[in-house]
Amino acid sequence: MFDDLRDLYQEVIFDHNRNPRNFRVMDNADRKVEGFNPLCGDRLTLFLKMKGNLIEEASFQGSGCAISTASVSLMTEIIQGKTEAEAEELFKKFHEMTTGKDEHFNLEAIGKLAVLAGVREYPARVKCATLAWHTLDAALKNEQQSISTE
Amino acid sequence: MTEFDVDKIRQDFPILAEQIRKKPLVYLDNAATCQKPQPVIDSIVHLYSHDYANVHRGVHTLSVRSTDLFESARTKVKDFINARSDKEIIFVKGATEAINLVAQTYGKANIHNGDEIIITAMEHHSNIVPWQMLCEQTGAILKVAPINLQGELIYDEFEKLINDKTKLVSVVHMSNALGTINPVKQIIAAAHARNIPVLLDGAQAIPHMTVDVQELDCDFYVFSGHKLYGPTGVGVLYGKQALLEAMPPYQGGGDMIRKVTFTETEYNTLPYKFEAGTPDIAGVIALGAAIDYLTAIGMDNIAAYEAELLCYATEKALTIKGLRIIGEAEHKGAILSFVLDKIHPHDIGTMLDSLGIAIRAGHHCAMPVMDFYQVPATARASFAMYNTKAEIDVLMNGITSLIEVFG
């Protein structure tokens, strides 16, 4: 019945929506940033545990649609063990992929995150996918918004 | 028309023949805006093809024709809501501008530091923010009458809020997020017992029922044209003549003046005092065409048909496991707001769109209502006179299927 939506709602997305990974409050987080999309009410809190410039651990809490939940769940999996620079680079690529400006975007280069490429065809849903990454960007760039447990 | 013929009505709305994502359009976002019948579309084309010029200005033929059409639309609005006089009908951009107009003219002149304004917890942002702005400017206080879990105003609590400091009551006639129809006559009687004027936000109510401002005895009534099968960009402020006469003007400019020198300006009489600048001429005339169309069908016939639709949709919805209706007031207009267990309204919206079904997913510009029900958003199917039970079946099948897909 929903054949047209197969590109947008891939099985991986349903899976992450049903069982979000790293879905927990991190008590000893070095950075904690809230992301909010007032248009749709999606709300998430991203927690990062840093080791130097390395993202040692990432987790989140919040509520949102399947696209935004899957996106943040996938993101927390992928950024663990990456440096800040590597994470920023991924954000850039993810942004390019979801806003669909580059027709020749190499989906293989972005690995697992390619399952979210379907939002390109749904302009109203792009923000659902990118909320997680904008929140990460804020966590990495804006020290004032972060909290320290020390 | 004595009998309500939905098939015939549907034929008057060209957009209803559209295919969306290769499926027949099922348009259930009527509370956001409703579609336009051919006579409304034709009236705009005809005006610009044959009769158009600026109004209230020229002596030339077209200006006279345009002015006549424009002013006859005002009379149509007056008759439609049973106002006493054309002078009580002010054309504005929409319900939002009408409320802002009252806040910034009547409000600034009559509401002062420490005074109170009462609204309800089910208001659209457009009946919250203009009053908050007025309160910031004047030091007045906004009081909010609470609602119960069914989405009904808790009337006793509302009544308790009325006191000597209350200077205005501004309530929604029918809620856009919940469908609730408020006991406005009771509210008005209680407020008038203390000489407090009442504004009714009729944006949602006006396309669904007969509105008689004299019978209601409201002091102000506001609505938008585009929710009444008319075009966007035009709306109406009704106000009792004595109140409007006493109010300072809203915006300055052409049309709203009688005489201007650099030392002083004499304002025009009603309704022009509040209509500065060239108005939405085509919009007003097309709104008149919409009113003609609705009058021929009969608002009571529309109300009866839509009540049947809502009843059918509600019964069907209640059989779907995991579906929770938000807003179950006893007196309710044709709006079905709902949430599904573990499925976000935006996913519902996208999935239904792929089946050709247009619903609204979001906070419906009523964030306090979402907070009250502790949901980030709801999905909302809102019905119009051209919707059918067959379309409701398509909606319900769609919902059942998407629940299966999400597992």
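Predicted model: local features only at pLDDT ≥ 70, side-chain atom pairs only at ≥ 80, totals over all residues.

1. Let's begin with helix α4 of chain A, which covers residues 126–141, 16 residues in total. From its first C-alpha to its last it reaches 22 Å, close to the 22 Å expected at 1.5 Å a residue. If you follow α4(A) along its length, look out for Ala132(A), where the helix bends by about 30 degrees.

2. How enclosed is α4(A) by the rest of the structure? Twelve of its 16 residues are buried, so the helix is largely enclosed. Among the buried residues are Trp133(A), Cys128(A), Asp137(A) and Leu140(A). Ala132(A), the site of the bend, is also one of the buried residues.

3. Now to where the chains meet. On the chain B side 21 residues are in contact with 21 residues of chain A. The two chains bury about 1700 Å² between them, and 62% of that is on carbon and sulfur atoms. Three residues, His346(B), Thr350(B) and Phe406(B), supply 26% of the area that chain B buries against chain A, more than any other three residues.

4. The interface has polar features too. Seven residue pairs are in polar contact between chain B and chain A, counting pairs with both residues at pLDDT 80 or more. Two salt bridges are found across the interface. In one salt bridge, the side chains of Asp347(B) and Arg125(A) meet at 2.9 Å, N to O. On the side of chain B that touches chain A, the elements giving two or more residues are α12 (345–353) and α14 (389–406). Of the elements there, α14(B) gives the most, with six residues.

5. Last, have a look at Asn176(B), in the loop between β7 (166–172) and α7 (184–192) of chain B. Is Asn176(B) buried or exposed? Its relative accessible area is 5%, and the cut-off for buried is under 20%, so Asn176(B) counts as buried. The side chain of Asn176(B) reaches the backbone oxygen of His364(B) at 2.8 Å. Leaving aside residues up to four places away in sequence, Asn176(B) touches His124(B), Gln204(B), Ile335(B), His364(B), Ala366(B) and Arg380(B).

Technical notes: Residues numbered from 1 in each chain as written. Chains lettered and ligands numbered in written order. Heavy atoms only, no water. Helix = DSSP H or I, 4+ residues; strand = E, 2+ residues; numbered from the N terminus. Expected span 1.5 Å × (residues − 1). Bend = angle between axes of the 7 residues up to and from the residue. Buried < 20%, exposed > 50% of the residue type's maximum accessible area, 1.4 Å probe, protein only. Contact = heavy atoms within 4.5 Å. Buried area = accessible area lost by both parts, 1.4 Å probe. Salt bridge = Lys/Arg side-chain N within 4 Å of Asp/Glu carboxyl O. Polar contact = N/O pair within 3.5 Å; in protein donor to acceptor, adjacent residues only side chain to side chain.
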